[in-house]
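Reader: I should like to examine this model by way of its side-chain geometry and backbone. May we proceed by question and answer?

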Amino acid sequence: MIKKRIIQVLENKGIPKEVFYKKIGMTSASFRGKASETPINSIAIENILSEIPDLNINWLLTGNGSMIKSDSNFIKNPSETNYREEKKLIPLYDGVATAGTQETAMLDQTHEPVEMIDAGDWFRDATAAMRVHGDSMYPEYKSGSIAALREVQNKRLVVYGQDYLIETTEYRVIKRLQKSDLPQNWLACSVNEEKYESSSRLIHEPFDVHIDDVKRLYQVLGNVKRNQSSTVIHAGKPLKRT
């Protein structure tokens, strides 16, 4: 469990537990009894990495490898300071963000991420990442790629013509949102304009989404891809930047 490994690293480094828990937005009660078995969210994980920059994220998430990174894992700037340069790590969650096929499954960030994505400087404002399946948003988002996301707290801040991950209790899709003719609705549009051979009808037709049905909303910042087999996913050149 991640919480047990957090306690282990605190004891290893001699860090006062109560003070540390407060810094990462948690309490000591979260580490006792049945509460110690509940998952830790992505915000707390990011705070932990900020407080302990030499902590090995792979060890924290899986228990594999060494607790502390070796010096070779850090980039130093000898001309300015001796501080270690930290990288922005995006939590990657289980499940898929479908670009066409509608699926059920909530993007619940109380679940532990399966790994962390190193997206460099491109997606420092991202708060999560999900895999993309389906071809309704092709070629902007290819099936199998990973979408970098930023959660939108206020639905009124939606910018028409931009791409969003919409999550309801019934489906999760990436679509380009446009203004709908229906009040309190968005028009969810696909990028892929492929049509049926027998008619001029679009295969991926736009559909209306009632705003109140949307449980979570994320702006899609772009795509990242795996360059090598490792615990960390490194970002290639993004296909789209909004």
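Predicted model: local features only at pLDDT ≥ 70, side-chain atom pairs only at ≥ 80, totals over all residues.

Reader: Which arrangement does the pair of Tyr21 and Phe31 adopt?

Author: A search of the whole structure finds two aromatic pairs. In the pair of Tyr21 and Phe31 the ring centres are 4.2 Å apart and the planes stand at 10 degrees. Planes under 30 degrees apart count as stacked, so the pair of Tyr21 and Phe31 is stacked.

Reader: How many residues apart in sequence are the parts that this pair ties together?

Author: Tyr21 belongs to helix 2 (residues 17–23), whereas Phe31 lies in the loop between helix 2 and helix 3 (42–51). Both Tyr21 and Phe31 are buried. The separation in sequence of the parts tied together is ten residues.

Reader: What is the arrangement of the aromatic pair Tyr171 and Phe207?

Author: Tyr171 lies in the loop between strand 7 (163–167) and strand 8, and Phe207 in strand 10 (residues 207–210), so the pair ties together parts 36 residues apart in sequence. Tyr171 counts as buried at 11% relative accessibility, while Phe207 is partly exposed at 21%. The centres are 6.1 Å apart with 85 degrees between the planes, and the pair is edge-to-face.

Reader: How wide an arc around the axis do the buried residues of helix 1 cover?

Author: In helix 1, the residues Ile2, Lys3, Arg5, Ile6, Val9 and Leu10 are buried. They lie on the same side of helix 1, because the arc they cover is only 160 degrees.

Reader: How far apart are the end C-alpha atoms of helix 1?

Author: Helix 1 (residues 2–13) has twelve residues, and at 1.5 Å a residue these should span 16 Å.

Reader: Where does the cis peptide bond at Pro139 lie, and what is its omega?

Author: Most peptide bonds are trans. Pro139 is in the loop between strand 5 (128–133) and strand 6 (146–151). The cis bond joins Tyr138 and Pro139, with omega about 5 degrees.

Reader: What is the phi of Gln184?

Author: Gln184 is placed in the loop between strand 8 (172–179) and strand 9 (185–189). Most residues other than glycine have a negative phi. Gln184 has a positive value, near 65 degrees.

Conventions:
Residues numbered from 1 in each chain as written. Heavy atoms only, no water. Helix = DSSP H or I, 4+ residues; strand = E, 2+ residues; numbered from the N terminus. Phe/Tyr/Trp six-rings, centres within 6.5 Å; stacked < 30°, edge-to-face > 60°. Buried < 20%, exposed > 50% of the residue type's maximum accessible area, 1.4 Å probe, protein only. Expected span 1.5 Å × (residues − 1). Arc of directions from axis to C-beta.
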